[in-house]
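Q: I would like to go through this structure with you, starting with the packing of helices. Could you set out the convention first?

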Number of protein chains: 2
Amino acid sequence: MEVHPYSPKDLNLPGFVPNFLSASTILGVFAAASIFVLAVSWILPGLFSKATKFEKLLICWFTFTGLIHMVVEGYFVFSPDFYKDKTGFYFAEIWKEYSKGDSRYASYDSAVVSVELVTCVVMGPACLLAAYAIAAQKSYRYVLQLFVSLGQFYGLVIYYITAILEGDHFSASPLYYYAYYIGANSPWGLIPFLIIIRCWRKICESEGRNKRKRQ
Amino acid sequence: MEVHPYSPKDLNLPGFVPNFLSASTILGVFAAASIFVLAVSWILPGLFSKATKFEKLLICWFTFTGLIHMVVEGYFVFSPDFYKDKTGFYFAEIWKEYSKGDSRYASYDSAVVSVELVTCVVMGPACLLAAYAIAAQKSYRYVLQLFVSLGQFYGLVIYYITAILEGDHFSASPLYYYAYYIGANSPWGLIPFLIIIRCWRKICESEGRNKRKRQ
């Protein structure tokens with residue numbers, strides 16, 4: 001059995017190759033790329049649309065999360081052997097590192113892969129469309145944001161419940177548990193939840209106004 | 001190892017007790033109960049609300065599916081040992097029979113249980129609320145139907161993708177595969193999909209009308 005840093009220790013990962021990059025390098029590159037994406041998605045809509053500051057924040061969020069779904073999570077879904085990568089390829093490095101917080105990525109657990117597949121193929125493009133819909137003030141902008149945020153939230157719920165049912169023993173240490181498994185996922189619990197509430201209200205208000213008009 | 005009728009044959013189910021009721025008895029009771037629920041949910045709104053025929057059909061659907069989620073699927077979620085039942089209890093009989101189409105119920109597979117947990121605890125009550133919201137013409141009726149139908153559809157997608165990723169070998173025979181695993185689930189693919197499209201359009205139309213009014 002290969003030696004690996006993941007939990008449980010008896011997880012069989014033949015051909016495992018350790019990280020080439022340090023955690024701080026991986027996180028630093030991720031942070032820099034995120035800042036670049038957020039800056040561009042903050043500035044661009046200001047040039048072409050009448051989006052308010054709050055709407056520009058939403059555009060930033062949907063662009064950021066959409067690209068993560070399609071690029072970072074997309075790489076994982078279609079690269080079950082990422083843990084064998086010998087080239088130091090950045091996306092393989094990310095998932096080797098994140099697997100310390102949840103080894104179900106390294107073991108290509110079917111529940112995790114199912115959620116990630118829906119997330120990268122459906123939610124990723126839908127996020128970018130939501131960013132466009134907000135900038136262009138399309139009439140489907142609220143229902144699309146609700147669709148995406150419900151999908152993200154449901155995916156996170158399944159992600160956590162499956163782990164709990166299987167004993168919640170997939171983190172290499174409490175640090176990785178709280179930093180990666182809980183911390184890194186927390187924006188996808190909080191922000192979609194807030195967007196769901198906002199869109200729900202907007203849709204009900206709109207329907208309520210039309211109802212009064214009809215009466 | 002106990003002898004059981006499920007696939008794969010090497011699935012370990014210590015203490016398994018075979019069905020007491022025949023498949024036709026189980027399905028007959030289910031059909032009779034369904035007809036009763038559908039008839040009551042068709043007649044009741046006609047007495048108390050101005051729901052159209054189409055809305056009454058939706059009320060029937062949401063009452064029917066909500067009760068299945070809460071009662072039948074609720075029993076499964078909180079009865080991991082149903083396959084050991086020696087009393088011929090009807091809900092245990094249902095799941096012993098359905099497991100011939102998908103043994104992940106008998107083995108209490110974590111992905112299946114996660115989806116069923118969300119379905120019975122969240123979607124079940126939300127379905128009954130949706131039936132009420134349609135009858136009472138509440139302004140949240142479309143967004144709630146969309147919420148429920150998206151949740152049902154997402155759950156079904158995860159249900160099938162996890163099975164495919166694990167080899168799709170959980171049916172005792174092609175008959176059980178097509179009758180139970182595909183056939184019995186097909187309404188929860190088709191009907192939520194149609195309701196999602198309808199509610200999406202209704203919400204966009206409502207938002208479009210308000211946009212024109214503002215301009």
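A: A crossing is called left-handed if the near helix is turned anticlockwise from the far one by less than a right angle, and right-handed if clockwise. Helices here are DSSP runs (H or I, at least four residues), numbered from the N terminus.

Q: Good. What kind of model is this, and how is it numbered?
A: This is a predicted model, in which local features need pLDDT of at least 70 and side-chain atom pairs count only at pLDDT 80 or more, whereas totals for chains, interfaces and linings use all residues. Residues are numbered from 1 along each chain, chains are lettered from A in the order in which they are written, and side-chain values use heavy atoms, without hydrogens and water.

Q: Which hand does the crossing of α5(A) and α5(B) have?
A: The crossing of these two helices is right-handed.

Q: And at what angle do the axes cross?
A: Helix α5 of chain A and helix α5 of chain B, residues 141-165 in each, cross at roughly 45°, and their axes come within 10 Å. Axes are lines fitted to C-alpha atoms, for helices over the stretch in contact, with angles from 0 to 180 degrees between N-to-C directions. The pair is therefore oblique; angles under 35 degrees count as roughly parallel, over 145 as roughly antiparallel, 65 to 115 as roughly perpendicular and the rest as oblique.

Q: Which residues of α5(A) and α5(B) meet?
A: Contact means heavy atoms within 4.5 Å. On the α5(A) side the residues include A:Leu146, A:Leu150 and A:Tyr154, and on the α5(B) side they include B:Leu146, B:Leu150 and B:Tyr154.

Q: How much area do chain B and chain A bury between them?
A: They bury about 3500 Å², 69% of it on carbon and sulfur atoms. Buried area is the accessible area (1.4 Å probe) that two parts lose on being put together, summed over both. B:Tyr154, B:Trp200 and B:Glu207 supply 18% of the area that chain B buries against chain A, more than any other three residues. The contact takes 40 residues from each of chain B and chain A.

Q: How many salt bridges are there between the chains?
A: The count is two, a salt bridge being a side-chain nitrogen of Lys or Arg within 4 Å of a carboxyl oxygen of Asp or Glu. One pairs B:Arg141 with A:Glu207, with the closest N and O atoms 3.7 Å apart.

Q: Changing topic: where is B:Tyr108?
A: B:Tyr108 is in the loop between α3 (90-98) and α4 (110-135) of chain B. Its phi is positive, about 55°, although B:Tyr108 is not a glycine.
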